[in-house]
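Keep the sequence and the 3D view side by side while reading. The paragraphs below go from the strands to single residues and then to the chain as a whole.

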Amino acid sequence: MVLIGRMMHDHDTVEVYSDSDHAGDKWHSCRSQTGSMILLNGVPVYWRSKKQPVTALSSACAEIYALSETVKDARLFMYRAQELGMPLLPLVVQVDNTQAKSFQEGTCVESKLRGNFDIRDKWVQELRDRHQLQVELVSSVNNVADLLTKVHKTARFRQLLQLVQGKLAEKISSNMAMLALLRLQGG
């Protein structure tokens with residue numbers, strides 16, 4: 001465990017993505033699918049795809065449910081990473097839905113969604129108030145959790161895989177640039 005802790009550095013990056021499809025399973029139950037993906041230094045280290053337990057009334061409901069599930073998964077991951085020597089960072093979850101972002105920010109106070117998510121809302125609000133959670137909007141094209149929520153045509157599937165591979169390649173090249181800089185400085 002000490003060896004793994006030494007391998008992690010202050011410049012490690014954690015990216016968390018959340019997505020859902022609204023009523024994607026129309027043939028059987030009309031339930032939405034939740035997708036969560038966590039990347040450490042560009043490498044997928046956690047992913048989950050799970051059917052939501054109840055039928056979502058709107059795409060906003062499905063996205064908010066997915067966000068809360070992703071936050072639970074990411075917090076558990078961060079606690080495990082902290083045990084391995086990585087500092088506990090504020091959690092930043094990337095979503096492709098403006099309602100989920102607005103829900104986390106508490107800017108949809110009069111929303112019709114409020115009655116549907118009382119407990120989830122309070123939990124997300126507590127995390128926000130303690131500055132432990134931020135939600136960032138990412139375009140649907142760049143949301144790698146989309147890979148886990150629906151069946152894709154071959155071109156889109158390859159695009160999502162290339163996006164994940166590109167994140168890894170970007171991290172490797174930045175690490176190589178850092179190593180080259182250290183060698184120049186005699187480090």
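**Strands and sheet**

Strand E2 (residues 33-40) and E3 run antiparallel and are joined by 8 bridges. Strands here are DSSP runs (E) of at least two residues, helices are runs (H or I) of at least four residues, and both are numbered from the N terminus. Two strands count as paired if DSSP finds at least two bridges between them. Strands of a sheet pair through backbone hydrogen bonds, either parallel or antiparallel. E2 and E3 form a hairpin with 2 residues between them, and Asn41 in the turn has a positive phi of about 55 degrees.

This is a predicted model, in which local features need pLDDT of at least 70 and side-chain atom pairs count only at pLDDT 80 or more, while totals for chains, interfaces and linings use all residues. Residues are numbered from 1 along each chain as its sequence is written, and side-chain values use heavy atoms, with hydrogens and water left out.

The open sheet has 5 strands in the order E3-E2-E1-E4-E5, with mixed pairing. E3 and strand E5 (133-137) are the edge strands, each pairing on one side only. On average, neighbouring strands of this sheet are turned by 20 degrees against each other, direction ignored. H2 packs on the sheet and touches strand E1 (14-21), E2, E3, strand E4 (91-95) and E5. The direction of H2 makes about 150 degrees with that of E1. For such angles, axes are lines fitted to C-alpha atoms, for helices over the stretch in contact, and the angles run from 0 to 180 degrees between N-to-C directions.

**Selected residues**

Leu39 lies in strand E2. Its relative accessibility is 0%, so Leu39 counts as buried (buried means under 20% relative accessible area, exposed over 50%, partly exposed in between, with a 1.4 Å probe and protein chains only). Setting aside neighbours within four places in sequence, Leu39 is in contact (heavy atoms within 4.5 Å) with residues including Val14, Tyr17, Val45, Val144 and Val164. Leu39 and Val164 are 125 residues apart along the chain, and their C-alpha atoms are separated by 8.7 Å.

Gln52 is placed in the loop between strand E3 (43-51) and helix H2 (59-83). Is this residue, Gln52, buried or exposed? At 3% relative accessibility, Gln52 is buried. Not counting residues up to four places away in sequence, Gln52 touches Ser20, Arg31, Ser32, Gln33, Thr34, Ala62, Tyr65 and Ala66.

The structure holds 0 disulfides, a disulfide being a pair of cysteine sulfur atoms within 2.5 Å. Cys61 is buried at 6% relative accessibility, whereas Cys30 is partly exposed, with a relative accessible area of 31%.

**The chain as a whole**

The chain has 5 helices and 5 strands, and along the sequence they follow the pattern α-β-β-β-α-β-α-α-β-α. Of the 187 residues in the chain, 42% are buried. Among contacts between residues at least 6 apart in sequence, 65% join residues at least 24 apart.

The mean pLDDT (the predictor's confidence in each residue, from 0 to 100) of the chain is 75, and 67% of its residues reach 70 or more. Among the elements, E2 has the highest mean pLDDT (91) and helix H1 (residues 2-7) the lowest (35). Over residues 1-9 the pLDDT is below 50, and this stretch has 7 contacts in the model beyond near neighbours in sequence.
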